Amino acid sequence: MRTLKKSLVLVFMLLLGLTLNAQNSDSDVVVTLEFANAKTAIAVLQDYTRALQKGDVATMNEQLHEKAMIYGLGGGLDSLNATQHKAYFKQSTDQFTHSISSDLYLPVKVENNWNEGEWILSWGTNTITDKKTKKQIIVPYHTASIVEGGKIVFIRYYYDILNVATSQGYTLTPPKK
């Protein structure tokens, strides 16, 4: 009897998932890879990235709208405004050099959905080198950004935090049973 109940719950969940998915397929969500501001928005993100590599925090911040919000730099759901972003990267570029490689930029425009906007998705590898010790940390990253009026209004950083921690000698200890 217990197995039958579990099976029925599993079938119900599967059917519910299919029903919800079918409802979403009829929506008016529009996604396109080409839009009028795509080249300009990509250029803004590339200027931002080049400035990071040069350690030029002022130029990085020039790419930001005064009310920009930046998420994910400290891990978790933290957020920084433009002033905090400047302080964060000033501290980072004082201690480290950043070398971006294999970067790629993809424009994506989304309409009629919760994440509506003209997005620039970016991927690459940030090799961070400590200026004193010359120790390197290789950080694969992804960003999702929105550029409006030639300025970045939103950036969400995604990167492998565990890779950063273990590269610095931290270990992951499993919980005791």
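Modeller: In what follows, Ala, Val, Leu, Ile, Met, Phe, Trp, Tyr, Cys and Pro count as nonpolar, Asp, Glu, Lys and Arg as charged, and the others, Gly among them, as polar. Please keep in mind that this is a predicted model.

Colleague: How many residues in the lining of the second largest pocket are nonpolar, polar and charged?

Modeller: The second largest pocket holds about 150 Å³ of space, and its lining consists of W114, N115, W119, L121, A144, F154, R156 and Y158. Because Arg is classed as charged and Asn falls among the others, which count as polar, R156 and N115 belong to those two classes. The lining therefore divides into six nonpolar, one polar and one charged residues.

Colleague: Which element gives the most to the lining of the second largest pocket?

Modeller: Two strands, strand 5 and strand 7, each supply at least two residues of that lining. The greatest contribution, three residues, comes from strand 7.

Colleague: Turning to the largest pocket, which residues lie nearest its centre?

Modeller: The largest pocket has about 660 Å³ of space, and among the elements that give two or more residues to its lining are helix 2, helix 4, strand 4 (96–111) and strand 5. By class, its lining has 18 nonpolar, eleven polar and no charged residues. Of the 29 residues that line the largest pocket, those nearest its centre are L73, Y88, H98, N126 and I128.

Colleague: Is T93 buried or exposed, and at what relative accessible area?

Modeller: T93 sits in helix 4 (residues 82–95) and, beyond its neighbours within four places in sequence, is in contact with L52, G55, V57, H98 and K131. Since buried means under 20% relative accessible area, T93 counts as buried, with a value of 5%.

Colleague: Which backbone oxygen lies 2.7 Å from a polar atom of the side chain of T93?

Modeller: The side chain of T93 has a polar atom 3.4 Å from the backbone oxygen of K90. The oxygen at 2.7 Å from a polar atom of that side chain belongs to the backbone of F89.

Colleague: How far apart in space are V108 and E34, C-alpha to C-alpha?

Modeller: V108, found in strand 4, counts as buried because its relative accessibility is 11%. Not counting residues up to four places away in sequence, V108 touches V31, T32, L33, F35, G117, E118, W119 and L121. Although V108 and E34 are 74 residues apart in sequence, the distance between them in space, C-alpha to C-alpha, is 7.1 Å.

Colleague: Which residues does T127 touch, leaving out those up to four places away in sequence?

Modeller: T127 is part of strand 5 (residues 117–130), and its relative accessible area of 15% is why T127 is buried. With residues up to four places away in sequence set aside, T127 touches T97, H98, S99, Q136, I137 and I138.

Technical notes. Residues numbered from 1 in each chain as written. Predicted model: local features only at pLDDT ≥ 70, side-chain atom pairs only at ≥ 80, totals over all residues. Heavy atoms only, no water. Helix = DSSP H or I, 4+ residues; strand = E, 2+ residues; numbered from the N terminus. Buried < 20%, exposed > 50% of the residue type's maximum accessible area, 1.4 Å probe, protein only. Contact = heavy atoms within 4.5 Å. Polar contact = N/O pair within 3.5 Å; in protein donor to acceptor, adjacent residues only side chain to side chain. 1 Å grid on protein atoms, 1.4 Å probe; cavity = no way out; pocket = protein on both sides within 12 Å on 5 of 7 lines; lining within 4 Å. Points joined across faces, edges and corners; volume = space filled by probe spheres on them.
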